[in-house]
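Subject: Structure for you to look at

Dear colleague,

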Amino acid sequence: MDSTEMETTSTPTDEINARPAETYEPAPAPSHSAFDSWTPARIPGGRRLWTAALAAALLVSAAGIGLLYLDDSNNQATIRSLNSKNQSLTGRTQNLEDQLTVTQGKLTASQAQVDSLSAELKHPTLGVWNVPMTIHNSTEFLSSTVPDTFTYHLKLKSSGPMSVSILSTSQFKDAILCVNNGRGNTNWCMHHSGATKGWLGVTSVNEDFDLATGCAAYLAVITAPSQVTVTPDVSVTYNPAAAPTGTCG
């Protein structure tokens with residue numbers, strides 16, 4: 001090989017370096033938009049299970065909340081019903097207490113009446129003389145026996161002055177002898193021959209006499225110096241003594 005062929009086949013370095021560098025042009029953009037069509041996306045299986053579990057939990061929670069709400073509503077209704085019944089029972093209790101108070105008051109009054117009736121049955125009081133009578137002059141008298149075992153309630157009124165005495169049987173005998181022997185008129189002798197108790201020249205008497213509760217030996221005698229009308233309201237109460245009383249003792 002000679003030198004001439006080597007010169008013609010070699011490319012000069014300056015020539016290579018002088019060539020302009022090639023420019024890079026990017027690939028042309030697609031002519032259609034990325035949103036012209038949807039590409040289906042796939043969700044991994046694990047995420048699907050987690051989403052289903054979350055939805056199920058939400059449903060269970062919602063159901064639980066609903067049940068709690070219903071249960072709370074039922075409880076509230078029950079409480080209101082119980083409060084209403086309690087108020088009704090309280091009102092009834094108050095009414096019963098009021099009725100009990102009234103009944104106790106009536107029972108107390110009834111018991112007092114029973115006690116009073118029991119006392120009256122043990123010691124009954126009876127009227128024995130209530131008819132008005134007239135004494136015409138000083139020679140007349142009215143008399144009434146004082147019954148044994150009774151308290152004698154001597155209650156008299158008169159239209160004028162009168163004299164009243166309670167005499168034992170022996171004193172009454174002495175008064176009759178006084179009249180018969182001419183020592184005085186009836187109006188005088190009945191009160192001045194001895195008397196257990198007496199009231200002279202009065203228009204009313206109101207006295208309880210107890211000496212006959214154990215002794216059947218007394219009389220009540222009434223006289224007046226002139227005409228009078230005597231209005232009696234005499235009664236006796238059964239009250240027997242445990243031992244002889246008065247002139248019998």
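Predicted model: local features only at pLDDT ≥ 70, side-chain atom pairs only at ≥ 80, totals over all residues.

On one side of helix α4, K173 and N180 are exposed, where exposed stands for over 50% relative accessible area, buried for under 20%, and partly exposed for anything in between, with a 1.4 Å probe and protein chains only. On the other side are the buried residues of α4, namely Q171, F172, A175 and C178. Seen down the axis of α4, these buried residues fall within an arc of 115°, so they line one face of the helix; the arc is taken over the directions from the helix axis to the C-beta atoms.

Residues are numbered from 1 along each chain as its sequence is written, and side-chain values use heavy atoms, with hydrogens and water left out.

Helices (H or I, at least four residues) and strands (E, at least two) are DSSP runs, numbered from the N terminus. Helix α4 has twelve residues and reaches 17 Å from its first C-alpha to its last, which is close to the 16 Å expected at 1.5 Å a residue, the expected span being 1.5 Å times one less than the number of residues. Its buried residues pack against β4, α5 and β6, where contact means heavy atoms within 4.5 Å. Just after α4, G182 takes a positive phi of about 75°.

C178 lies in helix α4 and C189 in helix α5 (residues 186–192), so the pair ties together parts that are eleven residues apart in sequence. Both cysteines, C178 and C189, are buried, and their link is left-handed, with -60° about the S-S bond.

A search of the whole structure finds two disulfides, and C215 and C248 form a disulfide as well, with sulfur atoms 1.6 Å apart. The torsion about the S-S bond of C215 and C248 is about 60°, so this disulfide is right-handed. The pair links distant parts of the chain, since C215 sits in the loop between β5 and β6 and C248 in the segment after β8, 33 residues apart. C215 counts as buried at 1% relative accessibility, whereas C248 is partly exposed at 37%.

The search for aromatic pairs over the whole structure finds three; rings of Phe, Tyr and Trp (its six-membered ring) pair if their centres lie within 6.5 Å, and planes under 30 degrees apart count as stacked, over 60 as edge-to-face and the rest as tilted. The rings of F141 and F172 have their centres 6.1 Å apart and their planes at 65°, so this pair is edge-to-face. It joins F141, in the loop between β2 (133–137) and β3, to F172 in helix α4, 31 residues apart. F209 and Y218 also form an edge-to-face pair, at 5.2 Å centre to centre and 75° between the planes. F209 is buried at 3% relative accessible area, and Y218 is buried at 5%.

Finally, consider the largest nonpolar core, which has 25 residues; such a core is a set of buried Ala, Val, Leu, Ile, Met, Phe, Trp, Tyr and Cys residues joined through side-chain atoms within 4.5 Å. Y152, L154, L156, V164, I222 and V230 touch the most other members, and β4 gives the most to this core, with seven residues. Apart from it lies another core, of six residues, among them F172, A175, M190 and L219. In strand β5 (residues 197–209) you will find V205, which counts as buried at 4% relative accessibility. Leaving out residues up to four places away in sequence, V205 touches L154, K155, L156, M162, V164 and W199.

With best wishes

How values were computed
Disulfide = S-S within 2.5 Å.
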